[in-house]
Amino acid sequence: MAITEEATKELTKGDAVAATVEQPLGILTRPTSTKGWKSWLTTVDHKRIGILYGGAALLFFVLGGLEALAMRIQLATPNGTFLSAETYNQVFTMHGVTMIFLVAMPMAAAFANYLIPLQIGARDVAFPRLNALSFWIFLGGGLFLVSSQFIGGWWSNAPDCGWFCYQPNGGVIFSPSRGVDYYAIGLQITGIASLISAVNLIVTCLNMRTRGMSMFRMPVLTWMLLVTQFLLLFAIPVITVGLFLLMFARLFDAQFFNVAAGAEPLLWQHLFWIFGHPEVYILVLPAFGIVSEVIPTFSRKPIFGYSFMVFSGIAIGFMGWGVWAHHMFASGLGPISVAAFSLSTMFIAVPTGVKILNWLATMWGGKLTFNTPMLFAVAVVSMFTIGGLSGVTHAMAAVDTQQTDTYYIVAHFHYVVFGGIINGLFAGFYFWWPKVFGYKLNEKLGKTNFWLMIIGMNLTFGPMHILGLQGMSRRYYTYSGGYGFELWNMVVSIGAFTIALGVLTFIINIFYSKRKAAELPPVGPDPWDSRSLEWMISSPPPDHNFDEPIDVHGLDEFWHRKYGYDDDGKVIAFATAAEVAQTGDRTDVHLPSPSYWPIVVATGLPIIGYGLIYSLWLCVVGGLFVVTGLFGWAQEPADDPNAVHDDHDEPGDDGDDAQGASALEQSSTEEMSVDG
Amino acid sequence: MAEAALDAHEHPETNTGMSNSKLALWVFLGSECLLFGGLISTYLLYRNETNGGPTASDVFEIPFTSVSSFVLLLSSLTMVLALSALRRGDETRNRIWLLTTAMLGAVFVGGQVYEFTAFLREGLGFTTSPFSSAFYTLTGFHGVHVSVGIVMLMSLVVVSLKGDLSKERAETVELIGLYWHFVDVVWIFIFTVVYLTV
Amino acid sequence: MTETATTVEAEVERHDEHDHPSDRSYVGVAAVLGLITAAEVLTYFFDVGPFLIPALMVMMTAKFFIVAAYFMHLKQDIPLFSGFFVGGIALASIVYITMLTTFEFWDSFDF
């Protein structure tokens, strides 16, 4: 992100700004510029949208991390006074909501947006403008949620009901601030974003693959992201129903969760966890996909059991729907339900185990290179296994009843979300950073980052198992001395700050490596000697991705263009990456034009949200944004789905083909013809 | 199969041979099933939780709702006739049928508004009971879907009047038609499960 | 390979151009739907005893399939579309019926 911002400094005084100044009435006429900060608001390029997702998610990650640190300061010693009970409730709720909905999901969306089209050899996603809409709706919803922390007082109006917001605890009586309203509306908004994005990416995977790229030649990452999109597609509406009921119950006194009127508060728990368990796989499958790309590359072996990898992912996708009530064993479901869900929960460990075994088998006998992405990937395999195993202990209902709402649960799911997901996403950052930004992240800082994070997470979440088994409840804002909680709580807090140092190292690494990159040789298209199509184009990729559609003949197409086997079955190299890769200097590719309308439509939704909470008049304003946006959208030339496929072989205007591999390359395709 | 089709084409349009928009609409409708499913389940769970207020059999007026159901069913027929006309290149008939569909939809929504006010007068407020909240939310949500459909149909009529809705753009009509039929299908569910099983 | 390719192509072609039912058949389908709806409504006026709910469910399902197959022309479209629709409905049915079961919802019916 940083790169392009800097790169555009000299270029911003270009036509786009001038044009809008001269024509105030046509302020929203179709933008044409692909440079300058403004172009980021109107971009429909899947790569830029991917970067926007990643950047926004990183900002939210820092916010959520600060909330975690605040909690650990509070709990480091008995009878802490750093946060009041009321604030603490809001902080842990916002930490959970932020990390799950505003960090893990959009970071996965960043990888999905950036990499799916590249890995299947497509020009862009199926609906570029809808893609932009998804991002802006997500950002609007995220900012809406975060704004609850300061609108109406500093930390007095944020949701305080926990991230799963059980009813009637989240009702007006027990949570009288507007926080839960923010929660209900904000998550509906981000849900819309996820749903649109899911539809878009599913269509992309099913319909836009390049020649010969059959479904079973798609890289495992794309497969896992596709399964994730299906889970989102079917899970988001379920939580939307729940949030809808919650919103009506709070704003308009609907009786959905009012026990006195005969309602069943457990309805919320069911709706939440029918969504919530697939959500776990929505979060973790992208990380699994990333690991499945990183490990083969640095083991110098193809992925072991590709079809097992794919089918176990699909199996997880299906089975993820049959285990939700294991989150509710303590709620009195009755013995038959508990037994059934207990069994299904044990079964779902099988496909996950298949994945772990396949990763190990991929590494077995490989030429391993332990650089930063590989280290993070191995961390996923090991740490996620710990989290998975402690998860299986919850499948046993009797044990689960004792563990429910203790720190043991917190330990378990943090080994999954931090050990599995965050480590996986960091592996992805280090792995694809050179592809996206044209420079490698520094290895030394990367390894420091890795060790700080891996030691930090084990210090933080390891002792939580012990605290939980000792009986310390989660979500209590303080504890008294003398129960044996002091030592481990102090260790946990130290661990949390170690993780924070690790994340800080990562951020420093971004800027440090970027500065250093100028002195280093260009990374070239394929810095890691990898296997899939995205490495066959320059780094960063040109706006149009591929000069020519690639004909795919098998799995790991790019690798097979570089390597073959001799008569003894030994691997021989017969081409370098540079010889195989495309140059990216084509300039006559027909690309979808940028558009203002996605951001206009998206702006309306949070305004409607504020309107529902504070004054219905604001809903009218927000509604105007949405209607105007949709109207303008419909007036714009329809997004011809063929436009992204169709190479019009018009005589190319020889624009600047500056092939400097510097970060500036991203904006070198300014002469690219655009969709009228 | 899709692969084979792919190889045969010089410039493959899409892998499945179907347009992106149509595929997207079906994917979206798959998702909608879970949305309406959740609201219907909520209603089913609460259908007897009347909290001392009117019950379903107290207020429901089956003959009236039956007429509404027939109207919505009829609108599905006029919708396919609109598409059929456009595919023949008959833009005038297409317009007439689109307008008829929108009108029938409006009659349905009007009927629902009338029904709601009647129920209100009988003491079934939105906040009366879990039953009433669930009922109004489910049927209201469906009504909103119908209304959105009406807006889209009327936009099509306007586009058609401007002369921009030719045979080549029949797919737009087809997609809005699919949405319309889906809303009709949901009503088939609601009419049976909510009204007739009382 | 090429043979399959041409047949598939031909099939796609046929779908695109020719295979749309006539208006008359649409009216016929609508008439059938109307008749089933009439039968449904009649159950309100005549007591059918314990068969009420099964009968209504059968008629509802029949209507659903007719609309999906003919009006939404899933019968002619690629199976993938039916897959999305049926998949969505099947998934919704499974999870929500399971949920209602945990609420002992079915105990309120006398089967």
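Reader: Is Cys161(A) buried or exposed?

Author: Cys161(A) is buried, with a relative accessible area of 5%. Buried means under 20% relative accessible area, exposed over 50%, and partly exposed in between, with a 1.4 Å probe and protein chains only. Cys165(A) counts as buried too, at 0% relative accessibility. This is a predicted model, in which local features need pLDDT of at least 70 and side-chain atom pairs count only at pLDDT 80 or more, while totals for chains, interfaces and linings use all residues. Residues are numbered from 1 along each chain as its sequence is written, chains are lettered from A in the order in which they are written, and side-chain values use heavy atoms, without hydrogens and water.

Reader: Which residue does a disulfide join to Cys161(A)?

Author: A disulfide is a pair of cysteine sulfur atoms within 2.5 Å. Cys161(A) is joined to Cys165(A), S to S 2.3 Å. The link is left-handed, with -100° about the S-S bond. Over all chains, the search finds one disulfide.

Reader: How many residues of chain B are in contact with chain C?

Author: Contact means heavy atoms within 4.5 Å. By that rule, 46 residues of chain B touch 48 residues of chain C.

Reader: What is the area buried between chain B and chain C?

Author: The size of an interface is often given as the accessible area lost when the parts come together. Here buried area is that loss, taken with a 1.4 Å probe and summed over both parts. For chain B and chain C the value is about 4400 Å², and carbon and sulfur atoms give 81% of it.

Reader: How many salt bridges are there between chain B and chain C?

Author: A salt bridge is a side-chain nitrogen of Lys or Arg within 4 Å of a carboxyl oxygen of Asp or Glu. The count between chain B and chain C is two. One of them pairs Asp77(C) with Lys22(B), whose closest N and O atoms are 3.2 Å apart.

Reader: Where does chain A touch chain C, and how many residues are in contact?

Author: On chain A 16 residues are in contact with ten residues of chain C. The two chains bury about 1100 Å² between them, 85% of it on carbon and sulfur atoms. Helix 7 (179–207), helix 8 (220–252), helix 9 (266–299) and helix 11 (335–363) of chain A each supply at least two residues to the side that touches chain C. Helices here are DSSP runs (H or I, at least four residues), numbered from the N terminus.
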